Amino acid sequence: MQIRVAEEVYWVGAIDWNARNFHGYTYATPRGTTYNAYLVRDEKIALVDTVASQFAGEMLGRIRELVDPERIDYIIANHGEIDHSGAIPEVMKLAPQARLVCSRRGVESLGRYIPGDWDFMVVGTGDEISLGRKTLAFIEAPMLHWPDSMFTYIKEEALLLPNDAFGQHLATSQRFADEVNEWVVFDEAARYYANILWPFSPLVLKKIEEVQKMGIEISTIAPSHGVIWRNNPGKIIGAYTRWAKGEARQKVLVVYETMWGSTEKIARALVEGVASEGVETGLYGLPMADRSEVIKELLEAKGILVGSSTHNQRMLLNMAAFLEDLKGLKPTGKIGAAFGSYGWAAKAVQQMEEDLQEAGIDVVEAGLSFKFAPHNEEIKRAFEFGKAFARRVKAAI
Ligand code: FEO
């Protein structure tokens, strides 16, 4: 079945229904993913991005329905990561004359990941390739999300192919965002932004502004993962703008890890306290709650309270991993505080406060520590702590 994205532009990617993790195990993908490749059929033939190597045969099968793969003149590699470049060597076996088009930094990443004697053609912002009736224009997008990243724009179709930007890890039989449940698409787009693009938010804003200043029309955005944004691409551009600006709701996440239930008791009292102020909240016990899901939830929450028991003078391991992840993602505009229980050395709270600060989260309350198991008065204190924190969140928005 041919899947048309625009006139003589076709989706030729692959659906990875079983993918459950991405980037090693840093990012859970409960809804699978897709690797999107696009074939542009003109006097010259261009393939924009490819798929992970294990799906090369599937992609080539889709291409064969449209053209003989031997006729491919250009392979555009918007980004060197192997979920998009992995199948390039298989295409090159059939079309050894094809030029490999990439950014200056792409020569290095592609040369390392898929070594070969490729005929590189380096392009940058403002460069164009005419395929006959259609023109491919290129926009460099360094650190969105790798140094090599770039966007391809098909002028005559007002079609932007931005690779990872605007993507979602979502396996579905449908190829367009307007064909699937909107909540699901935006939930996955948010998870993708929070877990991959969050550290690059200032660059996201700058790039959106730059593209708007270019005055180019964009009727469709076809990313390299998930579904394609057509009809109303402004909606996902608007969401990216809000996320990059750090716009948040009056919401507090209470994230904890517990040994014998004491830290959990405190966490539950905090949730009650926050909710008593009419502020939305949620309780996330690690490791039952998935780390990348919690990070997605944090994207639009103003506040975060993190808790851990002290064990061997350290915080517990799943909390340590969660905070380590946050330090890399550098969420903007959040406030936080820490809490926890201990037996004889109250260490975890201070460590968590340091990690929150390193992640760029403003620690606005001195942490709550309880010895062994909290008694009723201390549970009441935790409730009041949650209440006070919720008031801070309300005052901050
Ligand atoms: Fe989808 Fe950065 O690879």
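Predicted model: local features only at pLDDT ≥ 70, side-chain atom pairs only at ≥ 80, totals over all residues.
In soluble globular proteins, nonpolar side chains tend to be buried together. The largest nonpolar core of the model comprises 63 residues, of which Ile236, Tyr240, Val255, Ile304, Val306 and Phe322 touch the most other members. Helix H5 (residues 182–197) supplies the largest share of this core, with nine residues. Both domain 1 (3–245) and domain 2 (249–396) contribute to the core, each with at least three residues. When residues up to four places away in sequence are not counted, the contacts of Val306 are Val255, Met319, Phe322, Leu323, Ala337, Ala338, Phe339, Met352 and Leu356.

Two aspartates were examined individually. Asp83 lies in helix H2 (residues 82–85). Asp83 is buried but forms no salt bridge, and the nearest side chain of opposite charge, that of Arg175, is 14 Å away. A polar contact of 3.0 Å instead links the side chains of Asp83 and His225. Beyond four places in sequence, Asp83 touches His225 together with Phe22, Tyr35, Thr50, Val51 and Ala52.

Asp49 occupies the loop between strand S8 (45–48) and helix H1 (56–64). The side chain of Asp49 makes a polar contact with that of Asn163 at 3.0 Å. With residues up to four places away in sequence excluded, Asp49 also touches Asn36, Ala37, Tyr38, Ile76, Ala77, Asn78, His79 and His84.

Technical notes
Residues numbered from 1 in each chain as written. Heavy atoms only, no water. Core = buried A, V, L, I, M, F, W, Y, C linked by side-chain atoms within 4.5 Å. Buried < 20%, exposed > 50% of the residue type's maximum accessible area, 1.4 Å probe, protein only. Helix = DSSP H or I, 4+ residues; strand = E, 2+ residues; numbered from the N terminus. Domains from an automatic or database assignment. Contact = heavy atoms within 4.5 Å. Lys, Arg positive; Asp, Glu negative; His and termini not counted. Salt bridge = Lys/Arg side-chain N within 4 Å of Asp/Glu carboxyl O. Polar contact = N/O pair within 3.5 Å; in protein donor to acceptor, adjacent residues only side chain to side chain.
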